[in-house]
Amino acid sequence: MTFKIPSENNYDIICVGGGIMSATLALMMKLLEPKSKILILERLEKVAEESTEAWNNAGTGHSALCELNYTPEGENGNIHVSKAIKIFEQFETTKQFWAYLVGQGFVKDPKNFLRSVPHHSWVRGEDDVKFLKKRYEAMKSVPFFESMEFSEDFETLKKWFPLIMENRDRNEKMAATRMELGTEVNFGKLTERYFHILQTQFDVPVLRGHEVLDIDPEKKQEWKVEAKNLKTGEKCHYDAEHVFIGAGGGALPLLQKVEIEEKDGYGGFPVSGQWLYCKNREIIEKHHAKVYSKAGPDAPPMSTPHLDSRFIDGKKELLFGPFAGFTTKFLKEGSKLDLPKTINIDNIPSMWGVFWHNLPLTKYLIKQVTMGHKERMEDLRVFVKDAKAEDWDLRIAGQRVQIIKRDKEQGGILEFGTDLVHSTDGTITALLGASPGASVAVPIMIDVLKVAFPEKLKSAKWQEKLSEMVPFWNKNIENNIEEFQQAQANSSKKLELDVLH
């Protein structure tokens, strides 16, 4: 689909990046303020090609149903579930927006990007079984997770994930939890749909093959964005009252060029990912689940091993991983100079502090980088005991640039979440970091709206429309359980999920 170059240069908001974040913000803005003028700039020739593309991420609808790193065990042995509750609420908010799009006819076939796939946590060994049981008991007491099941029974686990239990010793100590509410998401397909809606129904220009070179203050509360047409070499300039930098790994280098104090001290630590994917259709059909286990010693949370059923390009797939790697690129289609170019006098203390206090992580990455197919298959056989090397191949996933930020005690700390950096006046916002990323795109973009358009968000018009789009955008779920359960059932029905509550 070809669209003409925009004839004007002044916009209410310019979104940098053609991924799920920019697409979500632009679509929400157009629904709230149809007359708003929006421009989207993407460096590649296609949208949704970096972290949003299906093969470049886990495809898990992150709602803390199976991810053990969201429920840490405290020194006193108690399981902390507050982070799990927050992530669950955020993903449900995202689902409510998707359901609204289906109800309004913007999305015709939700199964094109969303499927019901049960989520499991699976552990082995007496200590981990005890941990999982405590986690189950702590989560079961929360209304959201009351449908969670726990079992140590061999036959039950065999029913839940037969491929993993094939040829396994019945005396092996293991346990698992199961949540039928789990989902598998093709964020690439969803993002492509968002951009189709923006272009065809809201006439939003999406300039592909345009790299943003710089963002400078132009007037009071206004920015000038300089972009380069990578086909012609021509430089273009656009003015905007607000700029959102949602360029994934490319966000940090661009943010560093913006003249705001809030950027100081930030750095990035790029971690690449790889998947083993199954080539044997018979094996793929034996598994219908997402099964997460515990990460190894010194492994970052994003390296939690899991065996996943996926739906990509209309086909069921089976992936295992991720295997971590290290590269100085911030994007899959980036440059090896990305990391060196972001090191400056403002973030050297942060970068050094992270390096010095994370030596085990460095050793872990070195070990991962040097792994061959034989070693990866050995990791897979923890899950699939008789996995044959010829049935599996390696696929490179996307880049994740983890956040490095200042810390008074350590100089710098490494974070594995997301961080919204913005100017004091809210006219420029940038999203840094990775997981849970796309799963919580809607609540993150609501945070952007709060920062960028605080007065409009206070208006009756915006509040009424947002409540129509996302019923729980400003409500506490725990204090409105019955109303939430009704909204959840409505979302499941419209999204054609198998579990209708």
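Trainee: Is lysine 134 buried, partly exposed or exposed?

Mentor: Lysine 134 is partly exposed, at a relative accessible area of 32%. Buried means under 20% relative accessible area, exposed means over 50%, and partly exposed is in between, with a 1.4 Å probe and protein chains only. Keep in mind that this is a predicted model, where local features need pLDDT of at least 70, side-chain atom pairs count only at pLDDT 80 or more, and totals for chains, interfaces and linings use all residues. Residues are numbered from 1 along each chain as its sequence is written, and side-chain values use heavy atoms, with hydrogens and water left out.

Trainee: Which residue does lysine 134 form a salt bridge with?

Mentor: Glutamate 73, with the closest N and O atoms 2.5 Å apart. A salt bridge here is a side-chain nitrogen of Lys or Arg within 4 Å of a carboxyl oxygen of Asp or Glu. Lysine 134 lies in helix H3 and glutamate 73 in the loop between S2 and helix H2 (82-103), so the pair ties together parts that are 61 residues apart in sequence. Helices (H or I, at least four residues) and strands (E, at least two) are DSSP runs, numbered from the N terminus. Glutamate 73 is partly exposed, at 40% relative accessibility.

Trainee: How many salt bridges does the structure hold?

Mentor: It holds 20. One of them joins lysine 461 to glutamate 33, the closest N and O atoms being 3.7 Å apart. Lysine 461 sits in helix H15 (residues 460-469) and glutamate 33 in the loop between helix H1 (20-32) and strand S2 (38-41), so this pair ties together parts 428 residues apart in sequence.

Trainee: Changing topic. What is the strand order in the open sheet?

Mentor: The nine strands run S5-S6-S4-S13-S14-S15-S12-S16-S17, with mixed pairing. Two strands pair if DSSP finds at least two bridges between them. The edge strands are S5 (149-151) and S17 (411-415), each pairing on one side only.

Trainee: In what sense do S13 and S14 pair?

Mentor: Strand S13 (residues 290-292) and strand S14 (residues 306-312) pair in the antiparallel sense, over three bridges. Tyrosine 292 has histidine 306 in S14 as its bridge partner.

Trainee: And which strands does helix H3 touch?

Mentor: Helix H3 (residues 126-140) packs on the sheet and touches strand S4 (119-124), S5 and strand S6 (174-179). Contact means heavy atoms within 4.5 Å. The direction of H3 makes about 25° with that of S6. Axes are lines fitted to C-alpha atoms, for helices over the stretch in contact, and angles run from 0 to 180 degrees between N-to-C directions.
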